[in-house]
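Visitor: I have a model open and want to learn how to read it. Where do I start?

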Amino acid sequence: MESKFNVGKQTRKEVLGQEHLDKVEKEVSYLDAFFQKFITEYAWGSVWSGSKLSKRERSILTLAILASQGSFEEFKLHVKACKNTKTSPEDMIEAMMHVAIYAGLPKANTAIRLIKETI
């Protein structure tokens, strides 16, 4: 059985791309090495690697959650990743309509602007 770290690293690469993974690995220091291992195993090796939802569905959920929280730096990273998860711009906008209703118009408005700028 493959380790959650290896599964997570592969999934992270598939979603965010090799260039992003290379950048993260280059910048890891003793201060965040444990954190990087933790998110690789649990966020990417467990949640993102689950079998119940597609990567497209996970992207839509992630965008909605990040926009709802106002986590816009991470949001832009995941907008870029949508090309790897087959999440269309129309999917992204539809998710932001839910954000507008359930989390607020200003957050959705900012998120839509960032989608347009990023794609």
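This is a predicted model: local features need pLDDT of at least 70, side-chain atom pairs count only at pLDDT 80 or more; totals for chains, interfaces and linings use all residues.

Visitor: How many helices and strands does the protein chain have?

Guide: Count the elements. The protein chain has seven helices and zero strands. Its radius of gyration is 15 Å, close to the 14 Å that the globule rule gives for 119 residues, so the chain is as compact as a globular protein of that length.

Visitor: What share of the residues is buried?

Guide: Of the 119 residues, 34% count as buried. Look at contacts too. Among those with a separation of 6 or more, 66% join residues 24 or more positions apart.

Visitor: Which residues of α3 are buried?

Guide: Start with the general idea. An α-helix has 3.6 residues a turn, so residues three or four places apart point the same way. In α3, the buried residues are Q36, I39, T40, E41, W44 and G45. Their cover includes α1, α2 and α5.

Visitor: Now one residue. Is H78 buried or exposed?

Guide: Check the relative accessible area against the 20% cut-off for buried. H78 lies in helix α5. Its value is 5%, so H78 is buried. Beyond its neighbours within four places in sequence, H78 contacts L16, W44, W48, T62, L63 and L66. W44 is also one of the buried residues of α3.

Key:
Residues are numbered from 1 along each chain as its sequence is written. Side-chain values use heavy atoms; hydrogens and water are left out. Buried means under 20% relative accessible area, exposed over 50%, partly exposed in between (1.4 Å probe, protein chains only). Helices (H or I, at least four residues) and strands (E, at least two) are DSSP runs, numbered from the N terminus. Contact means heavy atoms within 4.5 Å. The radius of gyration is taken over C-alpha atoms; the globule rule is 2.2 Å times the number of residues to the power 0.38.
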